Structures are given as structure tokens and as C-alpha cells.
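Walk through this model with the coordinates open.

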Amino acid sequence: MRANVWSGRNTVQVENVPDPKVLNERDAIVKISSTAICGSDLHLYDGYIPTMKRGDILGHEFMGEVVETGRRVEKLTVGDRVVVPFPIACGNCWSCKHELYSLCENSNPNAGIAEKLFGHPTCGIFGYSHITGGYAGGQAEYARVPFADVGPFKIEDDLTDEQVLFLSDIFPTGYMGADFCDIKGGESIAVFGAGPVGQFAIASAVMLGAEQVIAIDQYDYRLAMARNKAGATDIVDFSKDADIVEQLKLLTGGRGPDAVIDAVGMEAAHGHGALHAADRVKQATRSETDRGHALRDAILACRPGGIVSIIGVYGGLMDKFPMGALMNKGLTIRTGQCHVHRYIKPLYERVRNGDIDPSFVVTHRLGLDLAPDAYETFKHKQDECVKVVLKP
Amino acid sequence: MPTPPRPIDSTLHGVTDYTAGTLLITAFPKLAGIEGTRSAGQIRRAGAIHAAYSTITDYPLGIVKLIPYKAHLAIDAIGALSLAATPFVTGQWKKGRDQWLPHVGLCLFELASLALSDPTQKGDFHGDVDTVRRANMEDPHQKIHNGGPALATARA
């Protein structure tokens, strides 16, 4: 089959690779109809996530048709149209029983690596390095899906792929980011980063009843999408004024937002001054793994007693973390890889009811063979690129 | 082919230029223990020259955009090697390690900075946007700017 594989820093190639096989009687094989490039794929692309090997198949946002099932798969049959959540969950461990699916204790065969880095292992993830199990990803024609009775979510109507594909990751991730903010109605929420996850965080905050949702970015087309499509009430363009904290105070009557959502993660680009310069050099020389500008500003901007919701991906260690601001302002941090399985059904119902059309984020739909150029276009924000969907 | 990281863009390089230049003129000789020696004067002059041509470089932190950035990088390399060679040309290296080691150390620092500096000022983009545009089944501009909101509550 054809698959998009990692070939080194800043290099992916579409190659012929062996078709996946059922290895466990609870596996299913999915023929992929649509797959997407995620912002977190860029951390792999840029070489910031260790343990990648040449030939690893990328991609953790995918959907398609079940073409084969293992003997013990009961809930899926050949021909089912499914969306596959990016975290792989067994459904039976303590974490899964408590709906903490991205913390599944059984799905990561390389748990030892994760345990060394994080203190405890976390779940397996499709196409996201050997730290998360080394599973082949979904930027391919087929994928093997373990625990097939737990993960894949059946789509039983005629919604388009682009309307349901993002249930695999970015829509639930954005929604979880907003859910973490404890929105009861009337709050002011600031979302750092108007990429695809940020767009869904904005839309979700609006859906949950926030009165003011502020989108923060440096690219005018992403801010336009946030305002025109996702429902942002205000925008902050930090390419014009880098003092985000002050601008947020001005927009919120001097108090600061009730909650902030970091939808940026470890490759924050908006830093300025000496601290940003130091971060860039340290990250490039791998003496620091994560650039923390967005998170630092989020913590400084959040009103005292507020909530900092972190859904941007971080991998390792960050310098100059504003612990004093966090503690003295009494902030609450809520974070994690999304527990997709918890959110996928209610969000699917929202899509079916017409509450939201998730396809709004798709700016590029391309054949799988254009994956290398698509990655470059996405990474460098060319051609007003917000989200790329690939068709195998 | 994988590319080695060259994360220092022209802005960051400018920050380095002015910081290093200022440091060499002011505190470096004392910190290196060579204050009052011939080496101190040489290093101070090198720092001043470096800061001076930085101000007339065509990059974000240049005041007068005169010297092309690639030429600036070439001058950096030549200047670094010249500084390292100076103690050996003048013979002062015979007077002790402190009369050549700072020069060589600064040269190595400058060359490392150059190795990490992106000379193109375009980052490391190597995609084919035209092919992407032709093949794209969506119209990004239309998608972003036209049509109604994605949320029913916003549409109502």
C-alpha cells in the first residue's frame, strides 16, 4: 500500500509499504477514505519528538471502511464506516473505566520509554513515535486498529468525511479544552492559537455559552476564520502588538480572561525579545525541548483564580516556567491528551443536529501522494493553509 | 535529505551581533583577564567593527540597509578567522595563553553561530506551493472569507 512515512527531519515521503495485517484477534483493518495532517504531526516533522525511525508511517486522524476484523471483534462488521480516535484504549483498565482513555494502561507496548520520560506510561497513539507504542499511522491506504471494539466509532448516516473526520482528534481536543474551562455561561475565554485545534476550542467555547471568546494569533487569515466561522467575538493579532497580556486586559475590563486555552504547544512562534531568542537557540540545540511562550503568556494573562486549559502538545522540559504567577494567582491547570472516546458520541450528535459543521476548517484537500508538499505548505502557513485533508 | 538545524534567523543573528559586539567592547577583556594588554585592544576593535557593519546590514536589526545579509555573514567568517590569526601573525602568542586563547575562542563561537544561521532569510521551506494550489480541491480564501458561520447559534 501507499503510505506517508517519516524520513528524517523535515522530510516525509510517500512509499510502497506492506499492507497491515490482523495481529490480534481484537484488531480490525480499516481502508482509509480520509486522513488529515495535525499540528502535532509537525512536532514529529520538525524532529522534536524522539524515537522516530525512518519508515514510520505518520498520521493519527483518519477514518474509513472496515475491511477485515479479528475473531473476537463483536461490534464491527466488514463494511462499517468508522472514525478512529487517535488514542488507543483497551476499555478495561482503571484509566479507561474512569474515562481517561488517553491514559490507557494497556495499549502502549513501549510503556517503559514513556515511563522514563513522564513517570508513568500513557496510551498508545497511532503514528506518533515509539514513545507511544510505534503504531503505524493513518496517512496511508489501510491501517490496523487495535481494540477495535473500543475505539472506532460508527458513522451511520450520509455526513461527508470532512464533517466527521475531525471527531478523531481536533474537534474533541478543542472541545475538551473548552470543557476544562468550566463554562457556565457569560465567561470570557481567551484561546491562544487559531490553528485547527484553536478553531474548535473557540467554537466549543461559544457552544458552551461563553459570552466573550478571544482568538489570539499572528496570521490574519486564521483570525478571519476564527471570527467568520468559529464564532470568536474578539481577535488579538500579536504581529501588530506583541503585548498579548495587556491587550487581553483591555478586552476584559482590566481583569483578564476567566480562562485561557493554550492551543499552541511546544513550538510557540510568537515570542519576542531575549527570552524568545534564548528559547529558540536552546530548543535547536536540544538543551530545552519545549518553547513555552504561549503558555507563559497564558498564565500571565489569566485572571487571578482562573483556569489555564492546556491542549497544545508538550513533550519534555521547559525553562523559565512562571511558577510564581501560577501559584500566587491561584490558577488551576487542566491539561492532557484528549480522551476522545469520552466526547466523540455527544459531538457526533451535535454535528448530526446541525449545531456545527466541522468541515469549516478544511482549506486543502489533496491526494495522499502530495503529502510532502502538503506538510511544507501546512508548516510554513503558505496559501492560507489551515487544515489539510489527504485522500489515499 | 534531512537538513541540519539552522535555527538562527536574521533577526536572532542581529541580536547576537549587537550583544556580542557590545560585550567585546565593554566587559569581555576584564572577564577574560586581559585588560590593559594588546589583546584587549584587538578584541575591542573587533567588537566595534562588528557592531558597526551590523548597523549597515540589510537585515531586520540594521539601521541603514546597505550590506546584503549574505555578505554580512561572509564578513563575519573572515573577521572571525582574522581575529584568530592575529596573535600568531603578530607573534604575541609567545607571551602566554591569554594572548591567543580569547581570540581563538571568539573565532570558534562566531563560526558556530554562522553554522546555525540561516543565510536564505526564507527559513527551510522546500515545498511546491504551485502544485498544491493546482491540486487543491478546496478554495482556501473562499472557505475562510465567504459563506456563513460554522455554528448554528451564530447563524441564528
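Two salt bridges link chain A and chain B (a side-chain nitrogen of Lys or Arg within 4 Å of a carboxyl oxygen of Asp or Glu). One pairs Arg365(A) with Glu138(B); their closest N and O atoms are 3.0 Å apart. This is a predicted model: local features need pLDDT of at least 70, side-chain atom pairs count only at pLDDT 80 or more, and totals for chains, interfaces and linings use all residues. Residues are numbered from 1 along each chain as its sequence is written, chains are lettered from A and ligands numbered from 1 in the order in which they are written, and side-chain values use heavy atoms, with hydrogens and water left out.

Now take the whole interface. On chain A, 43 residues are in contact with 34 residues of chain B (contact means heavy atoms within 4.5 Å). The two chains bury about 3,400 Å² between them, 58% of it on carbon and sulfur atoms. Buried area here is the accessible area (1.4 Å probe) that two parts lose on being put together, summed over both. In chain A, Arg9(A), Lys229(A) and Arg365(A) lose the most area to chain B, together 20% of what that side buries.

Which elements of chain A give two or more residues to this side? They are α6 (196-208), α7 (220-230), α9 (273-284), β16 (364-367) and α13 (371-379). Helix α7(A) gives the most, with six residues. Helices (H or I, at least four residues) and strands (E, at least two) are DSSP runs, numbered from the N terminus.

Step back to chain A itself. It has 13 helices and 17 strands. Its C-alpha trace spans about 60 × 50 × 45 Å along the principal axes. Of the 392 residues, 61% count as buried (under 20% relative accessible area, 1.4 Å probe, protein chains only). Among contacts in chain A with a separation of 6 or more, 71% come from residues 24 or more positions apart.

Finish in chain B. Glu110(B) sits in helix α5 (residues 101-115). Is Glu110(B) buried or exposed? Glu110(B) is buried, with a relative accessible area of 10%. Leaving aside neighbours within four places in sequence, Glu110(B) is in contact with His50(B), Asp76(B) and Ala80(B).

Notes. Buried means under 20% relative accessible area, exposed over 50%, partly exposed in between (1.4 Å probe, protein chains only).
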